[in-house]
Amino acid sequence: MAGFGGSGSSNQSGAPPPPKILLAKPGLVTTAAGKYIRGTGGGGEDDSVSRSRLPPIGSLNLLSDSWEFNTDRFLPFLTDNTDFTVVGIIGHSGVGKSTIMNELYGFDGSSPGMLPPMAVQSEETRAMARHCTIGIEPRISAGRLILLDTQPVFSPSVLAEMIRPDGSSTISVLSGETLSAELAHELMCIQLGVFLTSVCHILLVVSEGVHDSSLWRLMLNVDLLKHGIPDPSSLMPSHLQSSGLGLEKETKDKIQESGEEYMAAPVFIHTKLRDEDFSPRIHMQTRKALSQYFSFSSFMRPKGGKMPKGRLPSNQSKDFNSAQPDLFLIPVKTKDDYPRAQHESYISLLWKVRDQVLSMSHPSFARTVSERDWLRNSAKIWELLKNSPIIAEYCKTLQTSGVNKFVHLDL
């Protein structure tokens, strides 16, 4: 099932040899002000506009520090192949997102001189309370598995980097509208979730422990606010020259014809469980709670298929088990990783997560699309997302109610 991570850790020796994985050639890095600087970084631009950090040299980052979508860096790594799978991940800081993605990629940290495809949080970064991944960091494996690692949601370090002295946001998340940094940060989490459920085949939702339900609440709101956002295959090359209004109308017409919207298959992973929470009883209770929480959501669909119109799964339905999202509980990693009593080890469960994700059935896009067209159309979907009237209305509701905190939407 899903959830790897720690078996492959990067070489921590004092002077490691050059990495054997070439992620990208050093190139230009875009600042929030729209200027280009070499990856070594020159600061000195307008600090009220620029974020305090930029993606490192060699980054293939899809989302710039100004929350704009970039395709130039990653496009050369893609082909016209149509047999590929996109796996995204979302979660808090430090829950093991990048470690899981490295396992999916097939990274073997035991080989000297190898650096992980996805940078993992170091002790120094953790001590400084900073996040490691900025925006969306993509990789593609030899098996044509496109992996989208993401910056953490609900992250104090992300909020700290985007806040001006007056409390406003340095990042425009909704069509140039100026928002408070706290509200903009909340909307960024929702936009990230909506985007991943639209362009991925599988989405890993990672939480720490069994008592944190904030990611569940986020995903339920993502489901409700995603309306009108198509999958990448619904934006064919002939549509790329269309106006935003015409494209949105055509998308809505297609959704009405099909009766339902595309939604990536979620896999819920809870990491760093303590011994007292890591048991078959807790697993059953968590699975039951998950099923009840998402019982009326788009996530409750038969795996690899669609739920018949007007029908929802129930506890008595034959489709109930096949419609349930996958759930994995991963124990906290110990230095020796010795299995406790009747429990499986951290690494063995991560391997199960990997095997499940690589073999699971998942929804298909409406039409066949190549890797390159997937990326180009994903950029268009990002623009539709930033101009979504539903998300804009949600933002206005928070503003008029004086609530800048994440709220749960009820059906």
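The structure is a predicted model, where local features need pLDDT of at least 70, side-chain atom pairs count only at pLDDT 80 or more, and totals for chains, interfaces and linings use all residues. Residues are numbered from 1 along each chain as its sequence is written, and side-chain values use heavy atoms, with hydrogens and water left out. In outline, the protein has eleven helices and eight strands, and 51% of its 411 residues are buried.

**Overall picture**

- Helices (H or I, at least four residues) and strands (E, at least two) are DSSP runs, numbered from the N terminus.
- Buried here means under 20% relative accessible area, exposed means over 50%, and partly exposed is in between (1.4 Å probe, protein chains only).
- Take the contacts (heavy atoms within 4.5 Å) between residues at least 6 apart in sequence: 74% of them join residues at least 24 apart.
- The accessible surface comes to about 18700 Å², and 53% of that belongs to carbon and sulfur atoms. These areas come from the Shrake-Rupley method with a 1.4 Å probe; for residues, only the protein chains shown count as cover.

**Helix α11**

- Helix α11 covers residues 389–400, which makes twelve residues, and its first and last C-alpha atoms are 16 Å apart. That is close to the expected 16 Å, a span worked out as 1.5 Å times one less than the number of residues.
- Its buried residues are I391, Y394, C395 and L398. Seen down the axis of α11, they fall within an arc of 100°, so they line one face of the helix; the arc is that of the directions from the helix axis to the C-beta atoms.
- Those buried residues pack against α4 (181–199), α5 (214–225) and α10 (371–386).

**Helix α10**

- Helix α10 has 16 residues and reaches 23 Å from first C-alpha to last, close to the 22 Å expected.
- Its buried residues include E371, W374, W382 and K386.

**Cysteines**

- Searching the whole structure turns up zero disulfides, a disulfide being a pair of cysteine sulfur atoms within 2.5 Å.
- C189 counts as buried at 3% relative accessibility, and C395 counts as buried at 1%.

**Salt bridges**

- The count is five salt bridges, each a side-chain nitrogen of Lys or Arg within 4 Å of a carboxyl oxygen of Asp or Glu. As background, side chains of opposite charge can pair when their charged atoms come close.
- R139 and E137 form one of them, with their closest N and O atoms 2.9 Å apart. R139 is buried at 6% relative accessible area, and E137 is buried at 10%.
- R144 and E371 form another, with the closest N and O atoms 2.8 Å apart. This pair links distant parts of the chain, 227 residues apart: R144 is in the loop between β4 (136–140) and β5 (145–150), while E371 is in helix α10. R144 is partly exposed at 21%, whereas E371 is buried at 0%.
- R376 pairs with D373, the closest N and O atoms being 3.2 Å apart. The two are three residues apart in helix α10, so about one helical turn separates them. R376 is partly exposed at 35% relative accessible area, and D373 is partly exposed at 23%.
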